[in-house]
Amino acid sequence: RKTAPLPDDIRARKGGTPIVSLTAYTTPMAELMDAHCDFVLVGDSVGMVLHGLPSTLGVTIEMMILHGQAVKRGLQRAMMVVDMPFGSYEESPQQAFRNAARIMAETGAGAVKLEGGQGMAETIAFLVARGIPVMAHIGLTPQSINTLGGYKVQGRGSAGARLLADAQAVAAAGAFAVVLEKVPQTLAGRITAEVPIPTIGIGASAGCDGQVLVVDDMLGLFTRFKPKFVKRYATLGEQAEAAVAAYAEEVRTRAFPADEHVFADAAPEAKS
Ligand code: KIV
Ligand code: NA
């Protein structure tokens, strides 16, 4: 594949080879995942992962645009999806369109993602009808943490029927895919079987049509806490700290910089 998939290409992967996605917030990280991911998500998790915010609620549209622009510069093959931050779309379909259009225009995103099920269906339809592909996000929706009452598993017991209705509503509204976050395995499988668009799981089992993880979580760079659904494929945070400690020691003992890092008084003779 030479060019980025379109949202319709992602939609067409329903039931096929699982869709691969990670978050990215910077150009170099986008570059190294470009060949391996079908789409890259500029998640509002950037607020917690890179900016040290206590939740995603403080993330602004300017932050999403700046990181979206950085990620886009690192991508040639993967599609980019940018999260709409808290407060930028909930008020009305019109507000959502205005901010989604700005994100699309200023970042070159292929789609936006927003949180919510039945309550956001009208907004999703409004955006899609006006040329903005939308990825939905249901289950644990971190922007609603203050009304959900914590980061707990969503859809257990009788709440399962409501989550299935949410998935059906966003699909009917025209979303091209839906993220299922922190949903029990059986329910995730049932939603995946019953909705016509791909489900992208995070803490929702291998039964989904694709998976997404926060890249700093799976690389072991973000270690303040580790949700059960995260698998660490590397321990880059530990390696980075060890490198910093080694550097500090070598500076203090004048072992660094060494001869190969310094400059002579005269430029070396040109080779003939
Ligand atoms: O912000 C984010 O990283 C996300 C994914 C975890 C789905 O929304
Ligand atoms: Na998000």
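Start at V81: its bridge partner in strand 4 is A111. Strands here are DSSP runs of E with at least two residues, helices are DSSP runs of H or I with at least four residues, and both are numbered from the N terminus. The model is predicted: local features need pLDDT of at least 70, side-chain atom pairs count only at pLDDT 80 or more, and totals for chains, interfaces and linings use all residues. Residues are numbered from 1 along each chain as its sequence is written, while chains are lettered from A and ligands numbered from 1 in the order in which they are written.

**Stop 1: strands 3 and 4**

Select residues 79-83, which are strand 3. Two strands pair if DSSP finds at least two bridges between them. Now show helix 5, residues 93-107. Strand 3, helix 5 and strand 4 form a right-handed β-α-β unit. Right-handed means this: with the strands pointing away from the viewer, the path from the first strand over the helix to the second runs clockwise.

Stay on strand 4. Which way do its residues point? A111, K113 and E115 point one way, and V112 and L114 the other way. Strand 4 is largely enclosed by the rest of the structure, because 5 of its 5 residues are buried. A residue is buried if 20 or more other C-beta atoms lie within 10 Å of its own, exposed if 12 or fewer, and partly exposed in between; the C-beta atoms are placed from the backbone.

**Stop 2: on to strand 5**

Select residues 134-139, strand 5. Strand 5 pairs with strand 4 in the parallel sense over 4 bridges. Look for E115, which stands opposite H137 in strand 5. Helix 6 (residues 121-129) carries the chain from strand 4 to strand 5, and this β-α-β crossover is right-handed too.

**Stop 3: the recorded site**

Zoom in on D83. D83 counts as buried because it has 28 C-beta neighbours inside 10 Å. Its contacts beyond four places in sequence are V42, G43, D44, M64 and K113. Contact means C-beta atoms, placed from the backbone, within 7 Å. Then click K113. K113 is buried as well, with 25 other C-beta atoms within 10 Å. Beyond four places in sequence, K113 touches residues including L41, M135, H137 and V179.

**Stop 4: ligand 1**

Which residues are around ligand 1? Select T23, L41, G43, D44, S45, D83, H137, V179, I202, V212 and V214. Each has its C-beta atom, placed from the backbone, within 6 Å of the ligand.

**Stop 5**

V179 stands opposite I200 in strand 7. Strand 6 (residues 177-181) and strand 7 run parallel, joined by 4 bridges. Finish at strand 8, where the bridge partner of I200 is G210.

**Last view**

Zoom out. The protein has 11 helices and 8 strands. Of its 272 residues, 43% count as buried.

Conventions:
Contact = placed C-beta atoms within 7 Å.
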